[in-house]
Amino acid sequence: MRNETLPAVAVTPALQLLYTSRIEIAAPLDVGKAPHGQRRVINITGGAFSGPRLSGRILPGGADWQVIRGDGIVELDARYTLETEDGAHIYIRNWGLRHGPPGVIARLGAGETVDPREYYFRTTPVFETGAADYAWLNGIIAVAVGERRADAVIITVYELK
């Protein structure tokens with residue numbers, strides 16, 4: 001079985017830019033050491049997004065419910081709402097991971113601007129909307145790369161084609 005040649009699927013995935021967003025955030029609320037790790041909540045206060053097929057603003061009221069695991073990896077679980085320029089609402093559930101060398105993570109924690117190539121920040125946004133013009137979002141897989149800043153998170157989202 002080890003030497004068996006298996007056929008590959010005849011489709012090679014590609015990425016297509018959906019949008020880049022700037023998600024404005026409040027200071028983290030430290031919940032404390034919980035059973036799964038250090039728990040914190042980071043409220044989303046607003047922001048904007050822009051891309052070839054959709055643009056608009058990020059509504060205040062969402063949050064990122066994070067767990068800092070014992071191995072230092074941060075599990076991200078952000079949920080928030082986009083409002084497109086034409087008034088449609090799109091709900092996002094965005095799960096991911098952020099980690100890097102201890103010195104880099106310490107610099108991020110101190111609010112320094114750190115080159116995002118120095119750490120791993122990847123997410124998998126899932127979209128939900130009832131807006132007919134954006135219903136195509138309900139049926140796609142997306143991946144994203146992130147950059148943590150002192151008062152915002154930059155997320156660039158790609159559709160997996």
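## Surface patch, strand pairing and core

Leu15, Ile141 and Leu160 make a nonpolar surface patch of about 290 Å². Patches here are built from residues with over 30% relative accessible area and no salt bridge, with nonpolar side chains (Val, Leu, Ile, Met, Phe, Trp, Tyr) joined within 5 Å and like charges within 9 Å. A salt bridge is a side-chain nitrogen of Lys or Arg within 4 Å of a carboxyl oxygen of Asp or Glu, and accessible areas come from the Shrake-Rupley method with a 1.4 Å probe, where for residues only the protein chains shown count as cover.

Please keep in mind that this is a predicted model, in which local features need pLDDT of at least 70 and side-chain atom pairs count only at pLDDT 80 or more, while totals for chains, interfaces and linings use all residues. Residues are numbered from 1 along each chain as its sequence is written, and side-chain values use heavy atoms, with hydrogens and water left out.

- Ile141 sits in the loop between strand 8 and strand 9; helices (H or I, at least four residues) and strands (E, at least two) are DSSP runs numbered from the N terminus.
- Ile141 counts as exposed because its relative accessibility is 56%; the cut-offs are over 50% for exposed, under 20% for buried, and partly exposed in between (1.4 Å probe, protein chains only).

**Strand 3 and its partners**

- Strand 1 pairs with strand 3 in the antiparallel sense over six bridges, and Glu24 stands opposite Gly46 in strand 3; two strands pair if DSSP finds at least two bridges between them.
- Strand 2 (residues 29-34) is also antiparallel to strand 3, over five bridges, and the two form a hairpin with two residues between them.
- Gln38 in strand 3 is the bridge partner of Lys33, and Gln38 also stands opposite Ile68 in strand 5.
- Strand 5 (residues 63-68) runs antiparallel to strand 3, joined by six bridges.
- Strand 4 (residues 56-58) is joined to strand 3 by two antiparallel bridges, with Arg57 as the bridge partner of Ala48 and a hairpin through five residues.

**The nonpolar core**

- The largest nonpolar core has 32 residues, and Tyr19 and Phe127 have the most contacts inside it; such a core is a set of buried Ala, Val, Leu, Ile, Met, Phe, Trp, Tyr and Cys residues joined through side-chain atoms within 4.5 Å.
- Elements that give two or more residues to this core include strand 1 (15-25), strand 3 (37-50) and helix 1 (102-109), and strand 6 gives the largest share, five residues.
- Leaving aside neighbours within four places in sequence, Phe127 is in contact with residues including Tyr19, Tyr91, Leu137 and Val157, where contact means heavy atoms within 4.5 Å.
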